[in-house]
Amino acid sequence: SPLVKTVTNFKQVSKTLEEFDIEEQPSSVLEEKYPNLKVLQSAVKLLRAKEHLLQAENGQTFHYKKLCICSGARPKLLTQDNPHVLGIRDTDSAQEFQKRLSKAKRIVVIGNGGIALELVYEVEGCEVIWAVKDKAIGNTFFDAGAAQFLIPSLEADKKERSLPCKRARYTTDKTGAGHSGASGELGSALGPDWHEGIELRGTVQNSSGVHVEYECEVDTIYTQQEFLQSQLNTKKSELGLWPAYVQLTNGKIYGCDFVVSATGVVPNTDPFLTGNNFELAGDHGLRVGDHMRTSEQDVYAAGDVCTTGWEPSALWQQMRLWTQARQMGWYAARCMAADVLEEPIELDFCFELFSHITKFFSYKVVLLGKFNAQGLGQDHELLVRCTKGQEYVKVVLTGGRMVGAVLIGETDLEETFENLILNQMDLSRYGEELLNPNIDIEDYFD
Ligand SMILES: Cc1cc2nc3c(=O)[nH]c(=O)nc-3n(C[C@H](O)[C@H](O)[C@H](O)COP(=O)(O)OP(=O)(O)OC[C@H]3O[C@@H](n4cnc5c(N)ncnc54)[C@H](O)[C@@H]3O)c2cc1C
Ligand SMILES: NC(=O)c1ccc[n+]([C@@H]2O[C@H](COP(=O)([O-])OP(=O)(O)OC[C@H]3O[C@@H](n4cnc5c(N)ncnc54)[C@H](O)[C@@H]3O)[C@@H](O)[C@H]2O)c1
């Protein structure tokens, strides 16, 4: 695309927590800022790693000494090539979603991660049926307690919802060139607040809001024609006439204008990497070692396209997020330089502790370490403090030491908790006092 996503307003919140905006800028702005950088606008058609050669769609070929692949990921849709099923990844797909929504009365959202959480909250003037596999909403980020805290926001009137969002908006491509390349591949993934710049409104004046169907998956998606030709036809008067129908595994059927599949991502490795000997991980990402090197010589990878293959710190896990894409890109660059200079380099400190700041349902959300007790089995204890409509604080302890936390709202606890997680202090003797709101915890551990 003619525009390049750039990180702006970078703020180091604490040792490992970073906050920043993502902005689209013309590539010339970057080139002016970094004179050693040249941006070429063309998709890569083929990589021949053995020959250190790249072929671009515009016919150019490039030889490289070292290469870093940052081709991101694409939505892992429920079904491919179904015109009634949309995914959201880049500016183009977000615009397509907006266009379809502006004519819609009811949509079905499938998935229970980041995109679904944002969508169901932002969509107005359209009934939303949200089908999730789990017992609670937001399984990739929260446990059932946090979900319980957030659910009232979903039910609240839009006007009652708080905090206008201050962060940057996305521009759309004014050149008319679109963001997808000639071969139809997707542009850069959207990031924080992608929905701020576009109105997500359907056609219904007083929509009945969001209805959550728990513990179910999609069984079948029918077009109107398929539905009318099936034995479900008898339900036509009950369900009404819709462009599509979704049958869930709990037996319920919903007519809708279209379906949003917010069901995760798959790393972008085809077709341009085929024909090489890349070792892929189980999730189809390019497996990288602790120097961000792939299995092909002189080829590195960073961001959503890669899967980390090193033994991770006990407090870190990979998640396909802007935060980690930025950190990996930065670290991969340092590794490439160190390898050229034949200098040693150690795994960066940012991979010590998982940390992520985001916003869901207008609340600030901070996730630290094993925030959902990932991989801890029964061997952990949870402490929770919750003030309805204000804050939700959860701490994960194992052997009396803090290993993770979820902080929702303006808790001001992130720095202290990050320190307690990093220094692995034995907190057994404080017990539940740790979350006593009347104790200024910062002073306590000074
Ligand atoms: C709707 C949405 C909201 C999100 N919100 C957040 C959030 O709030 N916080 C957060 O931390 N993360 C968020 N994410 C995740 C975040 O956007 C990704 O983790 C991040 O963009 C990954 O960066 P990347 O550079 O690896 O990949 P991408 O940003 O996807 O960039 C990959 C680039 O490679 C290009 N490319 C692919 N193939 C080729 C080829 N053959 N030739 C040339 N170029 C190619 C693509 O066009 C694209 O520009 C969100 C994702 C989505 C979809
Ligand atoms: N604020 C944020 O940090 C934020 C916001 C949006 C997106 N993102 C990131 O963008 C990427 C894409 O978001 P996403 O929401 O698609 O992915 P995700 O990985 O966050 O969530 C995918 C969800 O789909 C569910 N799922 C998978 N297959 C399913 C199926 N067949 N049927 C029903 N449910 C299924 C999973 O259980 C999970 O709840 C992710 O990497 C995500 O972390 C982050």
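This note goes through the predicted model point by point, from overall confidence to single residues.

1. Confidence. The structure is a predicted model, and the mean pLDDT of its protein chain is 89, with 89% of the residues reaching 70 or more. The stretch that calls for caution is residues 162-184, over which the pLDDT is below 50, although this stretch still has 47 contacts in the model beyond near neighbours in sequence. Where pLDDT is low, the predicted coordinates should not be read in detail. The scores given for the model are ipTM 0.98 and pTM 0.90.

2. Overall make-up. The protein chain has nine helices and 24 strands, and of its 446 residues 35% count as buried. Among the contacts between residues at least 6 apart in sequence, 61% join residues that are at least 24 apart.

3. UniProt, in an unreviewed entry, places the feature "domain: FAD/NAD(P)-binding" at residues 18-123 and 208-329. Over residues 18-123 the chain is 25% helix and 32% strand, and the C-alpha atoms at the two ends are 28 Å apart. The domain assignment, for its part, gives domain 1 as residues 77-261 and domain 2 as residues 370-444. Between these two, six residues of domain 1 are in contact with eight residues of domain 2, and the side of domain 1 that touches domain 2 comprises, by class, four nonpolar residues, one polar residue and one charged residue.

4. Nonpolar cores. The largest nonpolar core has 71 residues, and those with the most contacts inside it are I107, V108, V109, C256 and V259. Because domain 1 (77-261) and domain 2 (370-444) both give residues to this core, it lies between them. Apart from it lies another core, of 26 residues, among them A301, Y331, C335 and M336. Returning to I107, its contacts, leaving aside neighbours within four places in sequence, are with L101, C126, V128, C256, D257, F258 and V260.

5. Helix α3. Seven of the nine residues of helix α3 (residues 114-122) are buried, so this helix is largely enclosed by the rest of the structure. The buried residues are I115, A116, L117, E118, L119, V120 and Y121, a list that includes the glutamate E118. What covers them includes the strands β9 (106-110), β10 (127-131), β11 (210-213), β15 (258-261) and β20 (355-360), together with the helix α4 (144-155).

6. R74. This residue is placed in strand β7 (residues 73-75). R74 has 19 C-beta neighbours inside 10 Å and therefore counts as partly exposed, since a buried residue would need 20 or more. The C-alpha atoms of R74 and G87, which are 13 residues apart along the chain, are separated by 8.8 Å.

7. K76. The place of K76 is in the loop between β7 and β8 (85-86), and with 17 C-beta neighbours inside 10 Å this residue also counts as partly exposed. Not counting residues up to four places away in sequence, K76 touches T263, G264, V265 and V266. For one of these, G264, the separation along the chain is 188 residues, while the C-alpha atoms of K76 and G264 are separated by 5.5 Å.

Definitions and conventions: Residues numbered from 1 in each chain as written. Chains lettered and ligands numbered in written order. Predicted model: local features only at pLDDT ≥ 70, side-chain atom pairs only at ≥ 80, totals over all residues. Buried ≥ 20, exposed ≤ 12 C-beta atoms within 10 Å, placed from the backbone. Helix = DSSP H or I, 4+ residues; strand = E, 2+ residues; numbered from the N terminus. Contact = placed C-beta atoms within 7 Å. Core = buried A, V, L, I, M, F, W, Y, C linked by C-beta atoms within 7 Å. Domains from an automatic or database assignment. pLDDT = per-residue confidence, 0-100. UniProt positions renumbered as here; feature names shortened; annotations may be inferred. Nonpolar A, V, L, I, M, F, W, Y, C, P; charged D, E, K, R; others polar.
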